[in-house]
Amino acid sequence: MTFRELLKAEAIFVYADIFRRKAVLFTYIAFPYILTMFIVLIGSSVGSYQAFKERLGTDPIPFFLTASYLMMSVLAVSDDVLWKPIHDKMMGTLPYILVTHVSKLLYFITIPIPRLALVILLGFASLPPVFIFFYGIEGVYTVFRIVLMSLLSSVLYITFSILLVGTLYSIGGESWRILNIVRPLLLIFLGIYYPKFLMPTMLFIVSSLLPPSYIIELMYRSLLNIMTSQTYVLELMGLAIAISLIYAPLGSKALGSWERRKVSKGVEV
Amino acid sequence: MSSEAIVVKELRKRYVTKKRLGLFRSKTEVVEALRGISFRVRYGEVVGLLGPNGAGKTTTIKILSTLLLPDDGEVFVGGYDVVREANNIRKIIGVMFGVEKGFYGKLTGRENLKYFAALYGLSSSIIEKRVNELLKLLELDKLGASDKLFEEYSLGMKARLSLARALLKDPPILLLDEPTLGLDPISARKIRDLVRGLAHREGKAVLYTTHNMFEAEIVCDRILLINNGLIVAEGTPSELKSRIPRIRVLSVTIRATKESITTLNKVLTEVLNDVSVSVKEVSSGVYELRLKVRNVEEVMNEVIRSIASRGNEIINLKVEEPTLEDVFIYFTGNVRE
């Protein structure tokens, strides 16, 4: 019951911001294309479009469009979860949120869902034209796979983001600076722009702690036409889900620790 | 249910702050925000926490609303301990910390209330009804503010919305920190009337902090005067006034020349014992004499005789009773502007 109400509330909060600011809505639709355009333009000026195709066995445009879309959906989760306490502190809403008796874990789980839902839906609008152009009607099937995989990887990212927000803000307080350092690192560790299976060992180990990295790996294997057994696919998915579930109670503890720290110092009102 | 909504015993809170002495140097300072305060608030009454800036009002409200841990002492809200049973307290309190901030600018008043209603655990079927009731109660619908973005709200509208949020759960205990600060008289009166009504008609317990003496006098059934982290006086407004020395002000407005007013001032100071006299020119040839006296009846005749015998015309004469502000100044030692 509470989850549904919280979700509705977050939906009002997120959609009011997006739909009342047309520039934000436009950015949502255009973002994967804009990013792909930049990457391809910069890539073509310093490297070779053809060399990319020969080395990776796929066209850079759908590859980077997928990567950008994936990044957007994953960022929808981590950004919202990490950003909300900072925003609430700025708006003066934080004391009114901390003073609720509703489970903070439940509240934080609902935070990224509305934006994620929008991003996932926008994928059906922004991805098909390009994929149909490159792969014909087969491209529609690929889009479905990408959207579903993006959804799965993002959902599995929620508990980790909660653990991260609880831990980081317990240690250093709610700060944009922390967010700015953590965001790019997460993108590297997730293997969005650098496939996980090509990572050096240390990076691979850190990446393996992030549940979405398994799904993202599967997605790239599929995009790059790397043969993957069904058992391996199920193993990776199982691992991702298991790790994500383990992070839920840890995240709850981390949020508790953040809240205790706030209360012991006094919540700014 | 006990008749006592809030019980505070020997509450203490210390803050450790860093005083910057330069770019790299700082000194740790300990500030005692609360130095062992004790009080009780019953259901059905408004208790005012009145004190100057930094007296400890907000610290007290924060502790009671479970947003700050006390260092020492016992605090029970609705029978629950603030340290061990914070979550139970959160279910039964409504809070308001100032009026300026605390909502999302891109949401309308109605949307903001719905958001917080969900966050406070209200179910969908209740949310719509409760939000509409509150928008009506606070007259936000009448002001056309219900569906206006919060960022477009006036301060008065913000205050009303803030009180509406505090009432979302229909809590039996309200903790209101300066709810009328900076408001226009109409909005301030609306809030004050509502708060009194909530306590007296609905039996809610209200703890209300303010600097405003006038407001404290008309809203609060009892007042706790807090200064430097200590409660220096407690009682109803009339009890508090009766506790300060019975010095009243005899104010006489007269028409006189400058010379005769100087003489009159001198004579009155000499003739009347233990009386302080001050003179203010109200307009050309019109002066106000203010005499601070212990027994007005004793000096009244002498004052009138002295004025009349010098050919001065008395325009107005009145006796001013001590105000809550005088009580505040007496107990806190703060000087009136």
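What share of the contacts in chain B with a separation of 6 or more is accounted for by residues 24 or more positions apart? In this predicted model, such residues account for 70% of those contacts. The secondary structure of chain B amounts to 11 helices and 14 strands. Of its 337 residues, 41% are buried, and the C-alpha trace of chain B spans about 80 × 55 × 50 Å along its principal axes.

Four strands form an open sheet in the order β12-β13-β11-β14 (chain B), and their pairing is antiparallel. At the edges lie β12 (276-283) and β14 (313-320) of chain B, each of which pairs on one side only. Direction ignored, neighbouring strands of this sheet are turned by 20° against each other on average. Strands of a sheet pair through backbone hydrogen bonds, in either a parallel or an antiparallel fashion. Here, strand β11 (residues 248-255) of chain B is joined to strand β13 (residues 286-293) of chain B over eight bridges, in the antiparallel sense. Within this pair, B:L250 has B:L291 in β13(B) as its bridge partner.

Two helices of chain B pack on this sheet. Helix α9 (residues 258-271) of chain B touches β12 and β13 of chain B, and the direction of α9 makes about 160° with that of β12(B). Helix α10 (residues 296-309) of chain B touches β11, β13 and β14 of chain B; its direction makes about 15° with that of β11(B).

Two loop residues of chain B deserve a look for their backbone angles. B:E178 lies in the loop between β7 (173-177) and α6 (185-200) of chain B, and its phi is near 45°, a positive value in a residue other than glycine. B:E178 has 22 other C-beta atoms within 10 Å, so this residue is buried. B:N228 belongs to the loop between β9 (222-227) and β10 (230-235) of chain B, where its phi, near 50°, is again positive in a residue other than glycine. Because B:N228 has 16 C-beta neighbours inside 10 Å, it counts as partly exposed.

Turning to chain A, a pair of packed helices can be followed in some detail. Two packed helices are described by the angle between their axes and the distance between those axes. Helix α7 (residues 113-126) of chain A packs with helix α9 (residues 138-155) of chain A at an angle of about 165°, and their axes are 10 Å apart. With that angle, α7(A) and α9(A) are therefore roughly antiparallel to each other, and their crossing is right-handed. On the α7(A) side, A:L116, A:I120, A:G123 and A:F124 take part in the contact; they meet A:V147, A:S150, A:L151 and A:S154 of α9(A). By class, the residues of this contact comprise five nonpolar, three polar and no charged.

Finally, the two chains meet. Their contact draws 30 residues from chain B and 27 residues from chain A. On the side of chain B that touches chain A, at least two residues each come from α1 (57-64), α2 (86-92), β6 (93-97) and α3 (109-119) of chain B. The largest share of that side, six residues, is supplied by α3(B). Sorted by class, the side of chain B that touches chain A holds 13 nonpolar, nine polar and eight charged residues.

Definitions and conventions
Residues numbered from 1 in each chain as written. Chains lettered and ligands numbered in written order. Predicted model: local features only at pLDDT ≥ 70, side-chain atom pairs only at ≥ 80, totals over all residues. Contact = placed C-beta atoms within 7 Å. Nonpolar A, V, L, I, M, F, W, Y, C, P; charged D, E, K, R; others polar. Buried ≥ 20, exposed ≤ 12 C-beta atoms within 10 Å, placed from the backbone. Axes fitted to C-alpha atoms, helices over the stretch in contact; angles between N-to-C directions. Parallel < 35°, antiparallel > 145°, perpendicular 65-115°, else oblique. Left-handed = near helix turned anticlockwise from the far one by under 90°. Pairing = 2+ DSSP bridges.
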